[in-house]
Amino acid sequence: GAGRSRAAARGGTRLEPPRPLAYLFPRSVSRRRAGANGAAPSGSGLGLGLGLGRGRLGVRPTMAKRGATARAAAVAGAVLGLAIRGTSAQCTFDSGSGATFDLTPLQRLGSQPSYEVIDGDLPCTAQMEKNYTYHFNVCNSVTTNVPASCPHAEAALQVDDRAGTGECYVVGRYDAASPQWELVDVTDPSKGVRLTYEGDNCPHDQNNQPVAFKRKFHIDFTCADGTANVPTHALEKQYCEYTVEWPSVYGCPVECPIGGRQICSGNGHCGYDLDMRSPRCFCNDGYAGGSCGQKASSGDSSESASEAVTGILVALFVVSLVFAAGVFYLGRQVTKYRDDMNQFQVHSGAMDMDAI
């Protein structure tokens with residue numbers, strides 16, 4: 001298709017740091033004391049459910065105080081929600097094949113704007129697919145630029161701006177307890193990693209028939225040089241499944257170090273070592289070290305050249321042995337064939353004499 005694609009990060013209103021809860025509640029509200037077993041008072045701590053009222057905090061507020069308490073609770077809930085959204089979450093993955101990934105530096109927190117991509121039209125197709133605006137974050141909910149039409153912030157939101165109403169769909173939620181990770185290429189763990197969110201139910205399929213599966217939002221972090229890379233495409237390759245393609249150094253396994261803001265210091269490439277069963281940096285000629293950041297000495301170069309020559313000689317020797325064995329085998333087969341022919345001729349002659 002001939003659709004357009006744009007990636008941008010909008011600024012947002014700066015969030016004030018959360019104030020202490022004691023400041024948010026009237027002083028006349030007294031909390032229930034801890035029991036004999038030393039348990040914390042009910043409603044204390046930073047739990048999301050702030051139990052207010054007679055049964056939870058043991059208070060008897062007047063109507064005016066009750067209204068102030070409700071307002072304070074609403075403010076506290078909003079502040080706590082923003083505080084939690086601005087907290088860094090663990091964003092690492094161990095593939096079990098020697099490759100580990102750490103995408104924590106890509107998280108947007110606090111007043112940092114979330115990621116935004118406008119895309120949807122599939123390239124090289126005759127049909128013009130719809131373009132949507134996608135707001136998303138990495139291992140966290142979106143931050144400050146949440147569209148007003150969205151009911152609440154989640155990890156990935158899809159907005160239809162064409163109708164003017166900005167209809168919003170939740171296409172992905174991040175579950176920190178059981179995140180969905182997988183390798184981009186199971187045959188080569190150094191290629192990258194995929195993070196998947198599940199969202200709301202998909203109402204119907206491409207034929208407008210009811211279905212019973214959830215929307216999915218995939219982020220494919222592919223191993224590539226550069227730390228300033230941003231996502232550029234968000235394509236609906238399958239119905240109700242959206243895929244963001246994101247080339248980044250953070251899509252490379254941590255076993256391939258970053259040096260000078262480049263993978264393998266820009267002097268090699270990240271690949272999977274089948275012998276070590278782990279990714280590593282394969283350095284270009286003239287460089288050495290785990291991150292290919294060291295200049296190789298002449299001794300190292302001579303040693304490498306010597307090892308290469310030795311390997312070639314060994315290979316030639318093995319090939320020569322195989323060739324000699326093949327020639328010997330063929331020679332024996334030819335000799336055996338000749339002996340069989342001679343015996344056959346002698347036997348045939350004897351039979352002719354007996355007939356005479």
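1. Helices (H or I, at least four residues) and strands (E, at least two) are DSSP runs, numbered from the N terminus. On that basis the protein chain has four helices and 18 strands. This is a predicted model: local features need pLDDT of at least 70, side-chain atom pairs count only at pLDDT 80 or more, and totals for chains, interfaces and linings use all residues. Residues are numbered from 1 along each chain as its sequence is written, and side-chain values use heavy atoms, with hydrogens and water left out.

2. Of the 356 residues in the protein chain, 31% are buried (under 20% relative accessible area; exposed is over 50%, partly exposed in between; 1.4 Å probe, protein chains only). The protein chain exposes about 21600 Å² (Shrake-Rupley method, 1.4 Å probe; for residues, only the protein chains shown count as cover). Carbon and sulfur atoms supply 55% of that area.

3. Now the open sheet. Five strands run in the order β8-β9-β10-β12-β11, with mixed pairing (two strands pair if DSSP finds at least two bridges between them). β8 (180-183) and β11 (233-238) are the edge strands, each pairing on one side only.

4. Inside this order, β10 (residues 214-223) and β12 (residues 241-248) pair in the parallel sense over eight bridges. Asp220 has Glu245 in β12 as its bridge partner.

5. Val314 is found in helix α4 (residues 298-355). Its relative accessibility is 46%, so Val314 counts as partly exposed.
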